[in-house]
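Open the model in your viewer and keep the selection tool at hand. This tour tells you what to select next and what is there.

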Protein chains: 2
Amino acid sequence: MTASTTSHALDWIAVDWGTTSLRAWAVAADGSVIAQASSDKGMGKIGRADYEPALLELVGPWIEGASGSIPVIVCGMAGARQGWKEAAYRSVPCQPVAGEALTPVETADRRLTVGIVPGLCQAKPEDVMRGEETQLAGLLAGRAIEDASVCLPGTHSKWVSIDAGRVARFTTVMTGELFALIGGQSILRHSVGGSGDREPGPGFLDAVDQAIADPASLTSSLFSIRARSLLAEASPEDGSDILSGLLIGTEIAACRPYWQDRPVHLIGAGPLVARYAAALQRAGARTIVEDGSGLTLAGLARVRAGMKEIAA
Amino acid sequence: MTASTTSHALDWIAVDWGTTSLRAWAVAADGSVIAQASSDKGMGKIGRADYEPALLELVGPWIEGASGSIPVIVCGMAGARQGWKEAAYRSVPCQPVAGEALTPVETADRRLTVGIVPGLCQAKPEDVMRGEETQLAGLLAGRAIEDASVCLPGTHSKWVSIDAGRVARFTTVMTGELFALIGGQSILRHSVGGSGDREPGPGFLDAVDQAIADPASLTSSLFSIRARSLLAEASPEDGSDILSGLLIGTEIAACRPYWQDRPVHLIGAGPLVARYAAALQRAGARTIVEDGSGLTLAGLARVRAGMKEIAA
């Protein structure tokens, strides 16, 4: 975390401020990362007055002795109504991000010039995203991608269709949150357990098959997980695989228009993306797994480059 | 709560012991109810050693000075593995109840002879019920019903096909529990509220229509409830109606084989049954609303009559 050479002087700060965590990168003018830091002060845990101190806790050492004000570009839930400052949604169809569309935030510390990347909204059917638009920009920034389908698995999975470089439409599926609630708090909690990080057993893809063949039966199939553990002494790991497979399979079936005619860019990392990749391949989809960790930073850099173009 | 005439001497005690509550009736030989009492000591709140005291708290006054031992017939979750004593499931196809099949429970108080009505299980697809089998017996006992479809809405709704007086198959749908979890604990809790007892607004049947037309889209439709409240300032009551309509509509679509060829006996009472009746009618089903409150007692009486036949 030093910036000893001129070429690595701090140019701007990239911030990904989600519901559960905060990540920041110190970036040089040539795009190289000088330092990074993170904390658990996500939007869900702090009040409006806590944002600036939480940010300074991470970036304070980077801006000591900074000449002038350092641009700080923030994406994610910090722009929500309950966040730092509401950044009004941009309506699709539109490009994922636009350099001129940052929502400025006043700070007491004049060494920071903070702007929040707006999320995207869709009128019909109603939907919103915050944070994923920046990852989409990162995906498009690095390559000559103009038309693509994208899946971002997670608490609230997003499926996105990009046409001619613009977000044409998207769908949010609450798969991750439903898995946590149903597996952890419903009657099924007695029949679902084990680590979600392990390799799934054969029950996972069987359940994916079942859901893809009959996606209307999700709510009328769930209780069989409980009944199986009572009648057949099925293990909690098996119950977890079936619940995961039914929910992911139902999601994939509902999102068929996104993947039936073109490959899916699957953004993320780790066991969850591996499950989605296996399930999508089972359904007959082609997948391209993208490393999610770098895309947020690449997207924020795209915003920074847009700001410079406007200023030039 | 007196038993002053000979014709109203206590003959047996009926008990409905569910997850959240305990109800008991003192019944005379002619079937008339001499007294009733209830408490909140459901199976979910008490340990194995608490069952006999909890029962005596309610029925103690009824058996003071009883000559001999009084039969106590219990249905519901008291027969679960985590309950008073596990009453092994009977396998469908079978009659809803059988007088000889009670699971006896030893009590310290010799004035009680307790037996638990077994639940039913199904091998393919795996499913179980406890308590509803007694209501089904009550439904059949009163009338010349041999073939019927039955819907028992609730936390875990049950759909049952009765053929020639026997339970042929059944399906559990976790609609009520999913409504409580998703509406109360997911991100949608910010967009769902108001009393579930009120008359639903037009959003309810619109959501039923949507789910019946496209029941595979439940998990990919839920988030629109959140997005509507962010983008269009939709009310929490409207959000509640949509969530309820999507879940009930999805259930009705999945259970079409139960209602497409014959009317549905809808067992229960109050606003929930009214919602199911309206939604089923919207789907084109014929419904016969049954008063649920008396059916459990009628079913327990059917078990009592079966015991007497065996003894005779």
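**Stop 1: a side-chain pair**

Select Asp11(A) and Arg304(A): their side chains are joined by a polar contact of 3.2 Å. A polar contact is a pair of N or O atoms within 3.5 Å; within protein, one must be able to donate a hydrogen and the other to accept it, and residues adjacent in sequence count only if both atoms are side-chain atoms. This is a predicted model, where local features need pLDDT of at least 70, side-chain atom pairs count only at pLDDT 80 or more, and totals for chains, interfaces and linings use all residues. Residues are numbered from 1 along each chain as its sequence is written, chains are lettered from A and ligands numbered from 1 in the order in which they are written, and side-chain values use heavy atoms, with hydrogens and water left out.

Asp11(A) sits in strand β1 (residues 10-17) of chain A. Helices (H or I, at least four residues) and strands (E, at least two) are DSSP runs, numbered from the N terminus. Is Asp11(A) buried or exposed? Asp11(A) is buried, at 18% relative accessible area. Buried means under 20%, exposed over 50%, partly exposed in between (1.4 Å probe, protein chains only).

Now show what Asp11(A) touches beyond its neighbours within four places in sequence: Val27(A), Ala28(A), Ala29(A), Ile70(A), Pro71(A), Arg304(A) and Lys308(A). Contact means heavy atoms within 4.5 Å.

**Stop 2: a buried threonine**

Go to Thr134(B), in helix α2 (residues 132-142) of chain B. Thr134(B) counts as buried, with a relative accessibility of 0%. Setting aside neighbours within four places in sequence, its contacts include Cys75(B), Val97(B), Val117(B) and Leu295(B).

**Stop 3: the largest nonpolar core**

Select Leu222(A), Leu246(A), Leu188(B), Leu222(B) and Leu246(B): these have the most contacts inside the largest nonpolar core, which has 41 residues. Elements of both chains give two or more residues to this core, among them α3 (175-185) and α7 (236-254) of chain A and α3 (175-185) and α7 (236-254) of chain B. A nonpolar core is a set of buried Ala, Val, Leu, Ile, Met, Phe, Trp, Tyr and Cys residues joined through side-chain atoms within 4.5 Å.

Zoom in on Leu222(B). Beyond four places in sequence, Leu222(B) is in contact with residues including Met174(A), Leu178(A) and Leu188(B).

**Stop 4: helix α6(B)**

Seven of the nine residues of α6(B) are buried. Phe223(B), Ile225(B) and Arg226(B) are among them. The cover over these buried residues includes β9 (127-129), β11 (157-163) and β12 (166-173) of chain A, together with α5 and α7 of chain B. Glu233(B) follows α6(B), and its phi is positive, near 55 degrees.

**Stop 5: the second largest cavity**

Select Leu178(A), Ile182(A), Leu218(A), Thr219(A), Leu178(B), Ile182(B), Leu218(B), Thr219(B) and Leu222(B): they line the second largest cavity. On a 1 Å grid over the protein atoms alone, a cavity is a set of points where a 1.4 Å probe fits but cannot get out; lining residues have an atom within 4 Å of a point. What is its volume? About 40 Å³. By class, the lining has seven nonpolar, two polar and no charged residues.

Methods:
1 Å grid on protein atoms, 1.4 Å probe; cavity = no way out; pocket = protein on both sides within 12 Å on 5 of 7 lines; lining within 4 Å. Points joined across faces, edges and corners; volume = space filled by probe spheres on them. Nonpolar A, V, L, I, M, F, W, Y, C, P; charged D, E, K, R; others polar.
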